[in-house]
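Please look over the sequence and structure shown here before turning to the notes that follow.

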Amino acid sequence: MSQNLPVEILCDILNNLVFQDDIRSFKTLFSCLFVNRLWCQITVPTLWRNPWNFKIWSNKNSKYRYRAMFNILILFLPDNSIEYLKECGIEIQPKYSFRSNTRQTKGYTLFNYPSFCKNLSIYHINKMIDFQNRFKDHKIFIIKEILKLFIYESPRILYMHIEDIQHDITGLFSNCKPFSQITELIIGANIDPLILNQLSQLCQNIKRLKLIEVTINPNQEMVNLVKVQNNLNYLNFISEKTSRKKNNQHIVSFINVLKLKSQSIISLNFENELAIILNILPYFTQNLRELKFKVDNRHQLLDRFHLELKSIKFEQLEILECNLPFKVFAEVIEKSGSELKKIVHIKGCYNSKEVGFLVNTISYNCFKLEYLYIEIIDTNDLLKLLNSCQNLKELNLNLLYFNSRDQSQLLLFFEILAKNSPQSLYKLQLNINITSELLEKFLNIWQKRPNMKSLNLNVINYHYDNEKKKIVQKFTANGVLSNFKYNKNI
């Protein structure tokens, strides 16, 4: 069957596995390497497009991944790089080689892996060398040669992550054509200003920009980098601390540049940096489509920020994700909720009595909603949401405040969920431990409803035994469940 499948369709299928970005999808992608030669030839470039994706590895095993990456990359270093490193006192003798048959090697690689890379992570290369204890004293020389390798081999670099690098690598950036095509850039703290200056000259078509701990005290080079972008659409800045120098000249310049970019920026994602946000937020009311933020509930500007949010109406807002108190969140939705398609309320220590107020506001204002992540207290809240939000595709319910010990309430909850969910709903996540009888009853009702989609069900805080396993297998076999996941805790 796979032999008759057009290569273009096969590529689309494998690319979709990458975009799902979860452990199961990556394991599936790895298994595709062993189907046949054609599948392997398509899968290898897909995997190596971003070789720095470590989400599928635990922190405990990440050092082994870094060491494996290092051992692969040195296979592709050209002879002159090996000789240069030797002159610097670094002895590297790869067991295999892609480059040259002059070395005393045992074999060669089948693919030129670096040529497939579209994501150049100087941050991860830096960490990779840190795990090679014998090379720590000569770190900068190896970093330069590996960067040269990627720049030489990869004709098109689309993504870059640079952080914690004070070494003189600016010479590598000079007139570097692959960098001119970068559309996504992540910049962290402790970057040599000369590097930022080079990036400003080379990278002027960035669409996604993420700044990590650099807005606390931005320099002029950082301001210039943002200023020269022609079509910046997504801006993300994260700061665990807050700006202390409120009148710092560069912070004022940074704020003014962001105001100018408000016409092109459609997504704003930030953490804690309210001194900047309070100055720029009113300029984003017309075009902003995504607003995501997380703010420390002890932040000194928090009250002022809440007042500012409640006074603004975002005309085209489609995604709202934040950790606001329930009542403030509800007031924001009341003003800006008519176009919302996705709402995510990140749980916080707030007054649970205000949950009902938030549910009512969503029910009365968000008729286009497709994705909802929210806390609920009782079955009345659930019924209101399901009856009002008829376009829901994904529903994530946090039942932290729900009285799950009351079996009659629990039974009513699952009956309402099964009988009143819109036909568009296909993905459901709950954090509750339910009995086998309740699970089977819920799925039976779901099965009997006409035109319902197969359900992707994820249950958290769930004790999964053999009886429940048989129920899941039964409803998976007859198509009621498309996927089932469970976690012991949230």
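This is a predicted model: local features need pLDDT of at least 70, side-chain atom pairs count only at pLDDT 80 or more; totals for chains, interfaces and linings use all residues.

## Briefing on selected loops and helices

Asparagine 287 is buried, with a relative accessible area of 18%.

**Asparagine 287**

- Asparagine 287 sits in the loop that runs between α11 (274-280) and β7 (290-294), and its relative accessible area of 18% counts as buried because the cut-off for that class is under 20%.
- A polar atom of the asparagine 287 side chain lies 3.3 Å from the backbone oxygen of glutamine 263.
- When neighbours within four places in sequence are set aside, asparagine 287 is in contact with Ser262, Gln263, Ile265, Ile266 and Gln316.

**Asparagines with positive phi**

- Most residues other than glycine have a negative phi.
- Asparagine 272, which is found in the loop between β6 (267-271) and α11, has a positive phi near 75 degrees, and with 8% relative accessibility it counts as buried.
- Asparagine 451, placed in the loop between α17 and β13 (455-460), has a positive phi of about 65 degrees although it is not a glycine, and at 62% relative accessibility asparagine 451 counts as exposed.

**The buried face of α9**

- In helix α9 (residues 220-227), the residues Met222, Val223, Leu225 and Val226 are buried.
- Seen down the axis of α9, these buried residues fall within an arc of 160 degrees, so they line one face of the helix.
- The elements against which the buried residues of α9 pack are β3 (184-187), α8 (193-202), β4 (208-212) and α10 (249-260).

**Helix pairs**

- Helix α15 (residues 379-388) and helix α16 (residues 407-420) have axes that come within 10 Å and cross at roughly 5 degrees, which makes α15 roughly parallel to α16.
- On the α15 side the contact is made by Thr379, Leu382, Leu383, Leu386 and Asn387, and on the α16 side by Gln409, Leu412, Phe413, Ile416, Leu417 and Asn420; the residues of this contact divide into seven nonpolar, four polar and no charged.
- The axes of helix α17 (residues 436-448) and helix α18 (residues 466-477) come within 9 Å and cross at roughly 10 degrees, and the two helices are therefore roughly parallel to each other.
- Ser436, Glu437, Leu439, Glu440, Leu443, Asn444 and Gln447 of α17 meet Glu467, Lys468, Ile471, Val472, Lys474 and Phe475 of α18, and the residues of the contact between α17 and α18 comprise five nonpolar, three polar and five charged.

Technical notes. Residues are numbered from 1 along each chain as its sequence is written. Side-chain values use heavy atoms; hydrogens and water are left out. Axes are lines fitted to C-alpha atoms, for helices over the stretch in contact, and angles run from 0 to 180 degrees between N-to-C directions. Helices (H or I, at least four residues) and strands (E, at least two) are DSSP runs, numbered from the N terminus. Angles under 35 degrees count as roughly parallel, over 145 as roughly antiparallel, 65 to 115 as roughly perpendicular and the rest as oblique. Contact means heavy atoms within 4.5 Å. Ala, Val, Leu, Ile, Met, Phe, Trp, Tyr, Cys and Pro count as nonpolar, Asp, Glu, Lys and Arg as charged, and the others, Gly among them, as polar. Buried means under 20% relative accessible area, exposed over 50%, partly exposed in between (1.4 Å probe, protein chains only). The arc is that of the directions from the helix axis to the C-beta atoms. A polar contact is a pair of N or O atoms within 3.5 Å; within protein, one must be able to donate a hydrogen and the other to accept it, and residues adjacent in sequence count only if both atoms are side-chain atoms.
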